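Reader: Got a model open here. Can you walk me through one part of it?
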Amino acid sequence: MLYQITGKQIDIGEALQTHVKTEMGEALGKYAGRPTNAQVIFSKSAHEYVCEATVHLSTGLTAAAKAHATEIYAAFEACNEKMEKQLRRYKRRLKDHHKERSQPVEFDGVASYILAASEDEESDEPETLQPIIVAEMETRLPSLSVGEAVMQMELGGEAFLVFRNEKHSGVNVVYRRDDGNVGWIDPTQTK
């Protein structure tokens with residue numbers, strides 16, 4: 001497995017890198033089966049250290065965790081616990097469904113845009129109806145079942161996930177509702 005351990009404007013020593021590989025390797029070996037790579041980023045926010053970890057699984061799904069603490073090792077330990085908890089839930093769900101994905105998740109390339117916010121927020125009417133595009137990039141759209149999409153959204157700690165439904169190849173959205181439940185948007189395909 002490939003580890004990428006970096007620090008944003010802080011120095012990461014060999015001892016911390018070895019600790020991360022050992023501890024995360026145990027958790028991943030226990031719950032994830034065959035993870036392909038892990039990215040761990042340490043940074044400092046005011047007086048706290050922040051640890052962000054992202055693990056790509058062989059099924060194509062991605063798990064992410066983030067934690068804060070006043071010491072760098074404590075930040076990693078908290079992040080690793082969150083990651084381990086997510087992977088344990090993921091493994092339990094796979095067992096509960098008695099289903100293992102035989103093929104990796106397929107991804108389609110799609111365009112993604114970031115639109116600029118209005119500079120003059122006092123007026124109700126914009127000068128033009130065309131928004132200013134700040135950034136244009138390509139992103140990947142996974143082909144998943146609805147259950148896998150909900151699992152991926154929860155593993156990644158995201159508020160929503162756009163995906164291609166494996167059943168009918170249509171674009172769908174799952175999202176976290178205000179009441180704590182998960183919503184699913186499946187536009188009807190009219191002929």
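Reader: In the hairpin of β7 and β8, which residue takes a positive phi?
Author: S169, with phi near 65°. The hairpin has 5 residues between the strands. Strands here are DSSP runs of E, at least two residues, numbered from the N terminus. This is a predicted model: local features need pLDDT of at least 70, side-chain atom pairs count only at pLDDT 80 or more, and totals for chains, interfaces and linings use all residues. Residues are numbered from 1 along each chain as its sequence is written, and side-chain values use heavy atoms, with hydrogens and water left out.

Reader: In what sense do β7 and β8 pair?
Author: Antiparallel, over 5 bridges. Pairing takes at least two bridges found by DSSP. β7 covers residues 160-165 and β8 covers residues 171-176.

Reader: Which residue in β8 is the bridge partner of F160?
Author: Y175.

Reader: Now V174. Buried or exposed?
Author: Buried, at 0% relative accessibility. Buried means under 20% relative accessible area, exposed over 50%, partly exposed in between (1.4 Å probe, protein chains only). V174 sits in strand β8.

Reader: What is V174 in contact with, leaving aside neighbours within four places in sequence?
Author: Its partners include V146, A149, M153, F163 and W184. Contact means heavy atoms within 4.5 Å.

Reader: How far apart are V174 and A149?
Author: 7.0 Å, C-alpha to C-alpha, and 25 residues in sequence.

Reader: And V171, where is that?
Author: Also in strand β8. V171 is partly exposed, at 39% relative accessible area.

Key. Helices (H or I, at least four residues) and strands (E, at least two) are DSSP runs, numbered from the N terminus.
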